[in-house]
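Student: Please present the structure, and then let us discuss it by question and answer.

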Amino acid sequence: MSLEYTSSEMMSVTAARALENGMTCFVGIGLPSEAANLARLTHAPDVVLIYESGTLQTKPDILPLSIGDGELCESALTTVAVPEMFRYWLQGGKVDVGFLGTAQIDRFANLNTTLIGDYKAPKVRLPGGGGAPEIATNAGEVFITLKHSKRAFVKDVDFVTTLGFGRDGKGRDNVPNIGKGPTRVITDLCVMKPDPGSKELVVVSLHPGVSREEVIEATGWEVRFAEQLESTPEPSANELEILRELKARTERAHADA
Amino acid sequence: MSEFLSLHDAVARYVQDGATVAMEGFTHLIPFAAGHEVIRQKKRDLTLIRMTPDIIYDQMIGAGCAKKVIFSWGGNPGVGSLHRLRDAVEKGWPCKIEILEHSHAAMACAFEAGAAGLPLAVFRGYIGSELPSVNDQIKFIECPFTGERLAAVPSVRPDVSIIHAQRADRQGNVLVEGIVGVQKEAVLAAKHSIVTVEEIVDDLGATPNACVIPSWAISAIAVAEKGALPSYTHGYYGRSNRFYKEWDAIARDRDTFTQWLDNNVFNAADNVGGQA
């Protein structure tokens with residue numbers, strides 16, 4: 001029997017599955033946080049979640065609205081000062097994967113969370129870098145999750161807040177002490193991975209019911225597809241149930257506060 | 001030794017027009033009551049430093065207190081934009097402000113370097129980011145031992161830092177608990193510091209490794225009950241996520257914002273940060 005689910009749920013479940021049990025993950029707020037906690041509540045109970053507010057090995061019962069909600073601290077193994085978080089735990093090489101969202105991403109997986117338009121006269125001012133610039137280079141690898149649209153997936157980002165592979169795909173070449181960078185991008189339509197040579201993002205897996213045309217239509221460059229294009233496995237009933245419970249719990253808690 | 005002052009007197013004494021001010025608290029323990037007092041006293045031309053400007057600086061920017069903001073993430077957490085910050089940057093209302101933006105790692109290291117009395121912070125950062133092209137305070141240096149290229153930023157040395165904490169004892173020692181952010185670093189990096197607290201107690205109840213700031217490292221302590229609302233104080237009250245969401249509509253419009261400021265800051269008692 002086929003299950004009913006939304007494209008957002010498909011994205012969250014696929015993003016969650018990217019995390020392996022036992023990994024240490026530095027979690028961005030929003031979609032990455034939803035995916036990381038879904039992983040922890042399903043196939044990866046021993047995944048270690050770290051938030052930039054200093055909360056180490058945290059197990060929130062509800063999703064935080066902000067990166068520093070009390071829930072993160074109360075359910076953490078310990079909470080450290082923010083300089084320690086960035087210096088010892090992230091820069092010190094203790095993080096396997098950084099899980100990030102973004103406003104804009106380009107074909108070389110560079111991320112823009114700074115602004116749309118020109119820096120001196122921005123069309124839209126976005127929040128800025130936050131933890132991302134150093135998460136993306138100091139974590140072992142980077143997963144990125146965001147909704148697919150032509151506005152978000154652009155050929156060249158307006159501003160490189162956070163390094164993917166640079167404007168020419170060579171931004172990590174010969175740089176010492178740097179992580180692998182983005183290894184997968186999970187959207188509501190597909191999964192993309194960087195081409196091993198050029199580092200351009202290539203579609204490796206289409207979500208069930210999604211056509212190549214839909215991905216082409218939602219991508220701002222001439223997107224390529226892997227020769228062995230796969231079909232992303234559907235969410236299981238258990239994953240959907242746990243995700244929906246998590247979101248309902250979160251909504252109730254935030255409405256009361 | 002720290003001195004117990006009213007919030008009014010502490011702000012009047014230590015926050016001068018044109019000063020460089022850091023009001024820290026990483027989502028938690030944001031010193032809103034003190035921010036409102038700065039607004040009420042109509043302080044001007046401040047250089048405001050905070051990793052996350054949050055609603056507190058949105059309010060102070062909208063009220064015309066700032067000439068410059070140094071920050072690393074300028075959004076309303078989980079909600080969206082800081083509309084007063086954007087209006088000031090994009091349209092110059094109520095006055096033009098300059099911004100200088102960093103990453104979190106850079107600011108955290110800069111506060112730590114300030115506390116350590118160093119002129120700069122060195123870290124492995126900004127690799128491949130275009131932030132150094134728009135912020136001339138970001139430089140790169142070569143490690144004299146390995147030759148590795150590392151990022152360097154000037155340390156943060158505010159004229160005054162203001163934080164909120166759970167409690168102080170009668171000698172003026174302060175306990176900070178929960179998400180401690182860069183609060184201790186902000187106090188130690190500054191020439192002067194004001195700590196607002198929920199209450200004064202006989203015994204802090206601190207465990208050996210707790211985050212305690214000694215009285216002699218603080219300039220002034222002021223009691224401000226619920227002084228962190230709509231952010232929160234671990235062990236005392238929760239974050240008003242509802243107010244953070246409501247702020248979006250309040251701050252979006254200049255008139256609504258001005259009205260809110262009149263009702264909740266200018267015409268409110270001086271030790272109440274909360275209005276949520």
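Student: In chain B, what percentage of contacts between residues at least 6 apart in sequence join residues at least 24 apart?

Tutor: This is a predicted model, in which local features need pLDDT of at least 70, side-chain atom pairs count only at pLDDT 80 or more, and totals for chains, interfaces and linings use all residues. Residues are numbered from 1 along each chain as its sequence is written, and chains are lettered from A in the order in which they are written. A contact means heavy atoms within 4.5 Å. Among the contacts of chain B between residues at least 6 apart, the share joining residues at least 24 apart is 73%.

Student: What share of the 276 residues of chain B counts as buried?

Tutor: Buried means under 20% relative accessible area, with a 1.4 Å probe and protein chains only. By that criterion, the buried share of the 276 residues of chain B is 62%.

Student: Why is helix 5 of chain B described as largely enclosed?

Tutor: The buried residues of helix 5 include His104(B), Met107(B) and Phe111(B). Helix 5 of chain B is largely enclosed by the rest of the structure because the buried residues number 10 of the 12.

Student: Which residue just after helix 5 of chain B takes a positive phi?

Tutor: Helix 5 of chain B covers residues 104-115. Just after this helix, a positive phi of about 75° is taken by Gly117(B).

Student: What box do the C-alpha atoms of chain B fill?

Tutor: The box is taken along the principal axes. For the C-alpha atoms of chain B, its dimensions are roughly 55 × 50 × 30 Å.

Technical notes:
Side-chain values use heavy atoms; hydrogens and water are left out. Helices (H or I, at least four residues) and strands (E, at least two) are DSSP runs, numbered from the N terminus. The expected span of a helix is 1.5 Å times one less than its number of residues. Buried means under 20% relative accessible area, exposed over 50%, partly exposed in between (1.4 Å probe, protein chains only).
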